[in-house]
Amino acid sequence: MDYRRLGASGLLVPALSFGAGTFGGRGELFEAWGDTDAQQARRMVDVALEAGVTMFDTADVYSDGASEEILGQAIRGRRDRVLLSTKAGLPTGPGASEAGSGRSRLITAVDAALRRLGTDYIDLFQLHAFDAATPIEEVLDTLADLVRAGKIRYLGASNFAGWQLMKSLAAADRGGHPRYVAHQVYYSLVGRDYEWELMPLGRDQGVGAMVWSPLGWGRLTGKIRRGQPLPAGSRLHRTAEAGPPVDDELLYDVVDVLDELAAETGKSVPQIALNWLLSRPTVATVIVGARNEEQLRQNLGAVGWQLEPEQLARLNKVSAVTPPYPYYPYYRLPDFARVNPPIGVA
């Protein structure tokens, strides 16, 4: 397993991390993802650790907290061998104090996560969404207190817009607070919006990307192809509207090239899609999930090899889309690119 620094921090994380969203299976959305119980989860952790996957990511809203509980049971007796990453900030109930990133909410959320995970510290704590109603200074003051208390070691954000992340980083610098070193983002061959603003920001500010849904919300498994119906067991039957939208023709064109590369390399379609992500600027770790041990082992086959430059170029070309203003001039006009060269662009 390759290990990389998480942004401008001293924390080394594996190129692949394990996403525990399949643990628990409570609620309509997460039931469709998976329903791994504690015994099965412990076996999955065994397999992950054997392969060098030491980071495990979850959130308080995953299966109403059951994901954290089951992950905590699965790592019992080996806490020192793993990195725990969790998130809070999205609503966990109807009450006024059950959403957002205010001081009371964050303190309560962190203590609850520690209890469910069965640990006294969280290696990486991320805000699951930007809280527009709470002053950024209050959020950062509270997070700094939690770091000083030893409950959190590193901080990150998830699903922030560029201005939200940059404003938070600037406020942290002004106040002398710990900075966000990670940004958990959606990024895939059929969803490259991350490259337009967040990737340049991450490189400039030392914020590493932790990629969620790297297979495009289950679309890049190799089972979805032009002219064929969705497989009977696909979670897209139940969760397609909850995930990022993808143009069908873009998906089919990308899968066609993935099929070609699978024939050339002997690797599977998902392994190639994951390997492409690992070649991208600012990507620190790609979060992979699995409903069972077989899926996990398949995903673990995405590391230990590299696509050839020509193969990467083919994937870049087929998956490229024109970004919105003000980003597209940098792609089309040499004068713009001369003064502000884009990164990560085909």
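Predicted model: local features only at pLDDT ≥ 70, side-chain atom pairs only at ≥ 80, totals over all residues.
User: How many salt bridges does the count come to?

Analyst: A pair is counted when a side-chain nitrogen of Lys or Arg lies within 4 Å of a carboxyl oxygen of Asp or Glu, and by this rule the count comes to 22 salt bridges.

User: Which distant parts of the chain does the pair of Arg116 and Glu68 link?

Analyst: The side chains of Arg116 and Glu68 meet in a salt bridge of 2.6 Å, N to O. This pair links helix α4 (residues 103–117), which holds Arg116, with helix α3 (residues 66–74), which holds Glu68, and the two residues are 48 apart. Arg116 is partly exposed at 22% relative accessible area, whereas Glu68, at 0%, counts as buried.

User: What do Glu264 and Arg314 tie together?

Analyst: Their side chains also form a salt bridge, at 2.8 Å from N to O. Glu264 belongs to helix α9 (residues 248–265) and Arg314 to helix α12 (residues 309–319), so the pair ties together parts that are 50 residues apart in sequence. Glu264 is partly exposed at 45%, and Arg314 counts as partly exposed at 21%.

User: Which residues are linked in a network of salt bridges?

Analyst: Such a network links Arg226 with Glu249, Asp253 and Asp256.

Methods: Residues numbered from 1 in each chain as written. Heavy atoms only, no water. Helix = DSSP H or I, 4+ residues; strand = E, 2+ residues; numbered from the N terminus. Buried < 20%, exposed > 50% of the residue type's maximum accessible area, 1.4 Å probe, protein only.
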